[in-house]
Amino acid sequence: MIPKRKFSDLLRTVGAVPGLERLRFVTSHPRYMSLGVVDAVAETPTACEYFHVPFQSGSNEILKAMGRGHTREKFLSIVHRIRQRLPDAAITADVIVGFPGETEQDFLDTLSLMDEVKFDNVNTAAYSPRPNTPAATWENQLSEEVKQDRLQRINEMNLQHATERRARMLGRVVEVLVEERNIKVPTQVMGRTRHGYIVYCDGNINELRGKLVSVEISKTQRYYLSGQIVSDENGLQ
């Protein structure tokens, strides 16, 4: 592209499209993500306060073995910029436990990173060999017992942080983009906040689908919020 453009430039350009209400992008590899992307989100009103940045491990040794091309320190520098520019932003990630050669200390390094960041959610998985990948042939494979133990421990921390992060929304009035009917409670609709949190509230899906509504949060759970609509995009109560 001539002149050369950055992803942060694209965010600003797309974010300025007339009529656009929300802009969200998914997955920024820490190896390639510049701090300018955080600045672009902070400075673009339509950009949602949400970042998905997979870290995969909190151990530099394991990150090197994975060939990730980034370090724990690089990842935390991105998180620091997010917290600095957008203190209330949601941060989600992906992590793998039980990668070949992962020691207990390597795993504890991952837990300590999670405890430092306190993610809104982390997609967790135990390593499993994949055909035609170098790690699948390594001799330092971990037992299934160790991998499942670490997966359970990391899931417990993930659930704790997810619950804590959503609890801060209690009593707030938040903007929700209505998407679908609540399949379990047909008289309710389901939507998402700018943080990406799922919200349930009473409403007619045929009237509200695709609309922005203001919802006062009266209940928080691990992975969803619920409340009452206080106004829609037209200001109706």
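## Briefing: loops, cores and strands

Thr27 sits in the loop that links helix H1 (7–15) and H2. The model is predicted. Its protein chain holds 7 helices and 8 strands. Of the 237 residues, 42% count as buried.

**Overall picture**

- The C-alpha trace of the protein chain spans about 65 × 50 × 35 Å along its principal axes.
- Take the contacts in the protein chain between residues at least 6 apart in sequence: 69% of them join residues at least 24 apart.
- The accessible surface of the protein chain is about 12,600 Å². Carbon and sulfur atoms account for 53% of that surface.
- The protein chain carries 31 positive and 30 negative side chains. The centres of these two sets are 4 Å apart.

**Nonpolar cores**

- In soluble globular proteins, nonpolar side chains tend to be buried together.
- The largest nonpolar core in this model has 33 residues. Phe51, Phe55, Phe75, Phe119 and Ile154 touch the most other members.
- Five elements each supply at least two residues of this core: helix H2 (35–43), helix H4 (72–85), strand S2 (90–97), helix H5 (104–117) and helix H6 (144–167).
- Leaving aside neighbours within four places in sequence, Phe55 is in contact with Leu63, His70, Phe75, Ala93, Asp94, Val95, Thr110, Leu113, Met114, Phe119 and Val122.

**Helix H2**

- The buried residues of H2 are Val37, Val38, Asp39, Ala40 and Val41.
- These buried residues of H2 pack against H1, S1 and H4.

**Strand S2 and its partners**

- S2 is mostly covered, with 6 of its 8 residues buried.
- Strand S1 (residues 50–52) runs parallel to S2, and 3 bridges join the two. Tyr50 has Ala90 in S2 as its bridge partner.
- Strand S3 (residues 121–126) also runs parallel to S2, and 6 bridges join this pair. Thr92 has Asn121 in S3 as its bridge partner.
- In a regular strand the side chains alternate between the two faces of the sheet.

**A buried loop residue: Gln56**

- Gln56 is placed in the loop between S1 and helix H3 (60–66).
- Gln56 counts as buried because its relative accessibility is 13%, under the 20% cut-off.
- Not counting residues up to four places away in sequence, Gln56 touches Met66, Arg68, Asp94, Val95 and Ile96.

- Most residues other than glycine have a negative phi, and most peptide bonds are trans.
- Thr27 has a phi near 70 degrees, a positive value in a residue other than glycine. At 44% relative accessibility, Thr27 counts as partly exposed.
- Asn132 is not a glycine either, yet its phi is positive at about 65 degrees. Asn132 lies in the loop between S3 and H6.
- Asn132 is exposed because its relative accessible area is 84%, over the 50% cut-off.

Note on methods. Residues are numbered from 1 along each chain as its sequence is written. This is a predicted model: local features need pLDDT of at least 70, side-chain atom pairs count only at pLDDT 80 or more; totals for chains, interfaces and linings use all residues. Side-chain values use heavy atoms; hydrogens and water are left out. Helices (H or I, at least four residues) and strands (E, at least two) are DSSP runs, numbered from the N terminus. Buried means under 20% relative accessible area, exposed over 50%, partly exposed in between (1.4 Å probe, protein chains only). Contact means heavy atoms within 4.5 Å. Accessible areas come from the Shrake-Rupley method with a 1.4 Å probe; for residues, only the protein chains shown count as cover. Lys and Arg count as positive and Asp and Glu as negative; His and the chain ends are not counted. The place of a charge is taken as NZ of Lys, CZ of Arg, CG of Asp or CD of Glu. A nonpolar core is a set of buried Ala, Val, Leu, Ile, Met, Phe, Trp, Tyr and Cys residues joined through side-chain atoms within 4.5 Å. Two strands pair if DSSP finds at least two bridges between them.
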